[in-house]
Amino acid sequence: LSPVCLGSLRRAASINAEYMGDRLVCAAYAIHSAALLFNFCDVDTRPTLERWDLKTQSWFTVRKEVVMPEKGKTYCINEGNVENWADWTRDFCGRLLKGVKRSTRWMACMVSDVHRPLLQGGIFAYPEDAKYTGGRLRLVYEGMPMALLWEQAGGTALHSVNGATGELSHILDRPFPETDIHCRSGVVFVGAHEAKVLKSVLPRQTSPHVKHVTSPLEQLGIGGSIKNLMM
């Protein structure tokens, strides 16, 4: 049993600000199984993982400044949907699994499934497919909060991959959907090695890369290295 909670805070002059991704203030999730864990970050910091201590009735830091390993073995995707996958999804997963032992994890709960690769490296993906052409997960209160945590840990969080052109669209670049806050989104979270693998199965881009919000970590030169691989 793993009760979870995921959320974020935003700042904006109006709800229809052009890019809500760059107005995210912070994001966090809580997960409870054998222990109660709380992982959080803001736009200036790496994620910090804390655990609740029952004896002292207080939080203590388990890991500060979480940075994903460059390569991970954790592989989180629902292979029951393989018949609905786009060609690029099949090619990407096939390339990831070729000659490599990977640890498959799928609990059908986004927070639980993202938690392990966020700490140990790897991928989490619930991409757009033939059944869910606009994606399955909710953009505002699932995709965006977890995308901030993932990218602040050094990963790349995408909402769409164009298999024909190779164009990649980041979750945090999407406008806030003021007319439909429950809208859905594709979700593809990759680490540094997995980003290279994804790029290897896509055509080289012939059009300019989509706008990507520059975080304070990128401005300081300590973030964004993985996103640069995707350009």
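Predicted model: local features only at pLDDT ≥ 70, side-chain atom pairs only at ≥ 80, totals over all residues.
Which residue stands opposite Cys41 in β3? Ala27 does.

**Cys41**
- Cys41 counts as buried because its relative accessible area is 2%, and the cut-off for buried is under 20%.
- A disulfide is a covalent bond between the sulfur atoms of two cysteines.
- A search of the whole structure finds 0 disulfides.
- Cys41 is therefore in no disulfide: the nearest cysteine sulfur belongs to Cys26 and is 7.8 Å away, whereas a disulfide needs the two sulfur atoms within 2.5 Å.

**The two faces of β3**
- In a regular strand the side chains alternate between the two faces of the sheet.
- Strand β3 covers residues 36–42 and has one covered face and one uncovered face.
- Cys41 is on the covered face, together with Leu37 and Asn39.
- The uncovered face holds Leu36, Phe38, Phe40 and Asp42.

**Pairing with β2**
- Strand β2, residues 24–32, runs antiparallel to β3, and 7 bridges join the two.
- A hairpin of 3 residues links β2 to β3.
- Within this pairing, Ala27 is the residue opposite Cys41.

**Pairing with β4**
- Strand β4, residues 48–53, is also antiparallel to β3, to which 4 bridges join it.
- Between β3 and β4 lie 5 residues, and the two strands form a hairpin.
- Phe40, from the uncovered face of β3, stands opposite Thr48 in β4.

Terms used: Residues numbered from 1 in each chain as written. Heavy atoms only, no water. Buried < 20%, exposed > 50% of the residue type's maximum accessible area, 1.4 Å probe, protein only. Pairing = 2+ DSSP bridges.
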